[in-house]
Structure formats: C-alpha cells, structure tokens
Amino acid sequence: MYNVIVLAEQAMTAGDAAEVVSLHEGIEDARHYHVLIPVDNAQLRVESALESLSSNETIAVPVISGEDIDTKQAQQQLDSAGETAVSSSVAAITALGHDADGEVSSDDPIESLYAIVVQESADEVIIMTRPHIVQEFFHVDWASQARRRLGVPVLHLVEHEPLDAEAVNGQGITGM
C-alpha cells in the first residue's frame with residue numbers, strides 16, 4: 001500500500017483530487033490517501049488576542065471571564081466546518097476510485113502532520129495551500145517546515161486559477 005498524506009488548507013475540489021491522484025498513476029501498488037485539514041484553535045486565538053491587547057500599555061484590557069467568550073461553542077463550529085471540508089475532500093478522492101480517509105486537527109499543523117506520517121507509515125506528503133509569498137520567501141510556510149521535520153518527500157501544490165478563468169473574471173492581463 002502506498003500511503004499519501006494530504007495537508008490541505010481548505011476542502012479539496014474534484015479538480016484538486018484529480019490532480020493529486022494523477023501524480024501517482026505510475027504506482028502499481030494500491031494507494032491510500034489521508035486528508036488532514038487544520039482548523040483554528042479558538043482558545044489559543046482568544047488568549048493570543050488578549051495578550052496582544054495587554055502588551056500595549058495605553059489600552060486597558062477588559063476583564064473577560066469564561067462566560068463572556070464561549071470558546072467551546074466556537075471550537076465546535078470550527079471543527080464542524082473542518083469535518084465538512086474533510087468529508088468533501090475524501091468524497092472527491094474516493095469518487096476517483098481510491099481509498100481515502102481524513103481528519104481535522106486544531107493542533108499545530110506540522111506537529112499533527114508529523115504524527116500522521118508516523119502513524120500511517122507515509123510514503124509521501126502533499127501540501128495544498130493558497131499562495132503565501134512572504135511565508136514561502138522566508139521558508140516558514142508549511143511545506144518548508146514539513147521538509148525540515150519529516151523524513152519523506154514533500155510536494156507543495158499551490159492553488160491557482162486557469163489562465164482562461166482569470167480573463168473571464170476580469171483578472172489578469174486583459175489587454176494594453
């Protein structure tokens with residue numbers, strides 16, 4: 001079994017799934033795809049915001065109790081959206097005739113990815129993101145971090161629109 005872990009920033013479309021699956025057409029072994037979709041950690045987000053406010057001496061930080069911010073409900077909403085993204089991604093891959101499963105994680109994406117790579121005995125990792133030019137330039141993007149942390153090949157696929165779609169939507173170069 002050839003195990004591929006896909007760390008995706010958002011739900012994979014049918015086109016994304018077809019692109020990922022096409023990368024492994026030459027592999028004779030059965031393939032298994034495991035999709036990981038990270039979601040924000042609501043509690044950490046609130047703590048970070050409060051720390052940010054408290055670092056500025058000119059702003060008085062409001063006292064917030066646990067009842068004021070329902071981080072459990074916020075996390076449930078984040079997890080639900082993530083589960084929907086995982087389900088649609090897995091469905092897109094299985095529609096192409098391949099075995100797939102997935103999960104959501106609110107932990108650090110690279111640490112979660114590392115744990116899954118070890119657990120699944122991954123042969124390869126594919127990271128699908130939107131363009132993140134600054135992070136990529138400084139090599140702090142997910143793909144760069146994964147290459148440093150993991151002992152398997154890591155491929156970074158950047159989401160893009162076909163050139164024809166850009167012209168139709170009024171984006172890109174339309175003429176001079």
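## Report on a predicted single-chain model

The charged end of arginine 149 sits over the ring of tyrosine 114, 3.8 Å from its centre. A charge is taken to sit over a ring if NZ of Lys or CZ of Arg is within 6 Å of the ring centre and within 35 degrees of the ring normal. The count of aromatic pairs is zero; such a pair needs rings of Phe, Tyr or Trp (its six-membered ring) with centres within 6.5 Å, and planes under 30 degrees apart count as stacked, over 60 as edge-to-face and the rest as tilted.

The model is predicted, so local features need pLDDT of at least 70 and side-chain atom pairs count only at pLDDT 80 or more, while totals for chains, interfaces and linings use all residues. Residues are numbered from 1 along each chain as its sequence is written, and side-chain values use heavy atoms, with hydrogens and water left out.

### Fold and core

The chain has seven helices and five strands, in the order β-α-β-α-α-β-α-β-α-α-β-α along the sequence. Helices (H or I, at least four residues) and strands (E, at least two) are DSSP runs, numbered from the N terminus. Of the 176 residues, 33% count as buried. Buried means under 20% relative accessible area, exposed over 50%, and partly exposed in between (1.4 Å probe, protein chains only).

The largest nonpolar core has 22 residues, and Val6, Met12, Val20, Tyr33, Ile93, Ile126 and Met128 touch the most other members. Two or more residues of this core come from each of strand E1 (2-8), H1, strand E2 (31-38), helix H3 (71-94), strand E3 (99-105) and E4. H3 gives the largest share, five residues. A nonpolar core is here a set of buried Ala, Val, Leu, Ile, Met, Phe, Trp, Tyr and Cys residues joined through side-chain atoms within 4.5 Å.

### The second largest pocket

Rolling a probe the size of a water molecule over the atoms shows where empty space is left. The second largest pocket holds about 220 Å³ of space. Its lining has 16 residues, of which Asp16, Met128, Thr129, Val158 and Glu159 are the closest to the pocket centre. A pocket is an open set of points on a 1 Å grid over the protein atoms alone, where a 1.4 Å probe fits and protein lies on both sides within 12 Å along at least five of seven lines; lining residues have an atom within 4 Å of a point. Grid points are joined across faces, edges and corners, and the volume is the space filled by probe spheres set on the points.

Helix H1 (14-22), strand E4 (124-129) and strand E5 (154-158) each supply at least two residues of this lining, and H1 gives the most, with three. By class, six lining residues are nonpolar, five polar and five charged. Ala, Val, Leu, Ile, Met, Phe, Trp, Tyr, Cys and Pro count as nonpolar, Asp, Glu, Lys and Arg as charged, and the others, Gly among them, as polar.

### Individual residues

Glutamate 159 lies in the loop between E5 and helix H7 (163-168) and counts as partly exposed because its relative accessibility is 40%. Aspartate 79, in helix H3, is partly exposed at 28%. In strand E5, leucine 157 is buried with a relative accessible area of 13%, and histidine 156 is buried with 19%. The table gives C-alpha separations for these residues.

| Residue pair | Sequence separation | C-alpha distance |
|---|---|---|
| Glutamate 159 and glutamate 9 | 150 residues | 9.8 Å |
| Aspartate 79 and valine 39 | 40 residues | 6.7 Å |
| Leucine 157 and threonine 129 | 28 residues | 6.6 Å |
| Histidine 156 and threonine 129 | 27 residues | 7.7 Å |

Most residues other than glycine have a negative phi. Serine 121 has a positive phi of about 50 degrees, although it is not a glycine. Serine 121 is placed in the loop between helix H4 (109-120) and E4, and is exposed because its relative accessible area is 52%.
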